[in-house]
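Please open the model in your viewer and keep the sequence panel beside it.

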Amino acid sequence: IVYSTRGASSGIAWKRADGSDSPEIIYRTKNATEPGEWLPDGQRLVLVEQRAGSREDIGILSLGDSVPTWIVATPFRERHPSVSPDGRWLAYISDRSGSNEVYVVDISGQGARHQISAAGGTSPHWSPDGKTLYYLVRGEMMSASLQTSDFRVRARTPLFSGQFDENTLGTNYDINRQNGTFLMISQDVVGLEAKMTWILNWPEIIRKMGTTQ
């Protein structure tokens, strides 16, 4: 599991998902940084770092390196990186037009910048086959069918809408690779009130549950 850290050990750390080892800092920086996605080779990590003022840039950190290679670094805010399944393309959002739009560039950072959204967009996410890019526009899920040989958007199609959480740090929904269904975080909590429950002596409660089955 890769995650950002704060304080004296600011940067990005990783730790085995089964908790069998101690956290290890793989990238140290004084700037606010958030990990993105792994490239398919499992050796390179996309990250977002606030490098100057409120600006955020997108880079790729190769394991063993101390400094990322900056792929999208402009005076604007670039966030929500998403790597295509073949590792060739990087989707992200930028406010270069005055509002957030979805763009795609070659993962090397070279070549043209392709705008995917037409009227705003956040949280891009590739389909498992890499032929479609999904993104959110004010709670509506859009599907952009892509042609990557001479890169262009074939069509933009609305899929469904709802009160979904559009996280400012990155994309926080996923797609089931087996059946194409979406896993979303809903903010539709009308009529519900958040509350905190304090449970005392919970280890003993769990122990008793295990012995009474």
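Predicted model: local features only at pLDDT ≥ 70, side-chain atom pairs only at ≥ 80, totals over all residues.

A residue is called buried when its relative accessible area is under 20%, exposed when it is over 50%, and partly exposed in between, using a 1.4 Å probe and protein chains only. Residues are numbered from 1 along each chain as its sequence is written, and side-chain values use heavy atoms, with hydrogens and water left out.

**The whole chain**

Begin with a cartoon view, where the secondary structure comes to one helix and 17 strands; helices (H or I, at least four residues) and strands (E, at least two) are DSSP runs, numbered from the N terminus. Along the principal axes, the C-alpha atoms fill a box of roughly 65 × 45 × 35 Å. If you switch to a surface view, the accessible surface comes to about 12,700 Å², and 50% of it belongs to carbon and sulfur atoms; such areas come from the Shrake-Rupley method with a 1.4 Å probe, and for residues only the protein chains shown count as cover.

**Strand β1**

Next, select Thr5, which is found in strand β1 (residues 2-5). Is Thr5 buried or exposed? Thr5 is buried, with a relative accessible area of 13%. Leaving aside neighbours within four places in sequence, Thr5 is in contact (heavy atoms within 4.5 Å) with Ser10, Gly11, Ile12, Ala13 and Ile25.

**The largest pocket**

A pocket is found on a 1 Å grid over the protein atoms alone, as an open set of points where a 1.4 Å probe fits, with protein on both sides within 12 Å along at least five of seven lines, and lining residues have an atom within 4 Å of a point. The largest pocket has a volume of about 250 Å³, a volume being the space filled by probe spheres set on the points.

**Salt bridges**

Side chains of opposite charge can pair when their charged atoms come close. A salt bridge here is a side-chain nitrogen of Lys or Arg within 4 Å of a carboxyl oxygen of Asp or Glu, and the count comes to seven.

Select Glu56 and Arg77, which form a salt bridge with their closest N and O atoms 2.7 Å apart. Glu56 lies in strand β6 (residues 55-62) and Arg77 in the loop between β7 (69-72) and β8, so the pair ties together parts that are 21 residues apart in sequence. Glu56 is buried at 12% relative accessible area, whereas Arg77 is partly exposed at 30%.

Then move to Asp41 and Arg44, whose side chains meet in a salt bridge (2.7 Å, N to O); Asp41 is partly exposed at 39% relative accessibility, and Arg44 is partly exposed at 30%.

Finally, select helix α1 (residues 202-211), where Glu204 and Arg207 lie three residues apart, about one turn of the helix. Their salt bridge has its closest N and O atoms 2.4 Å apart.
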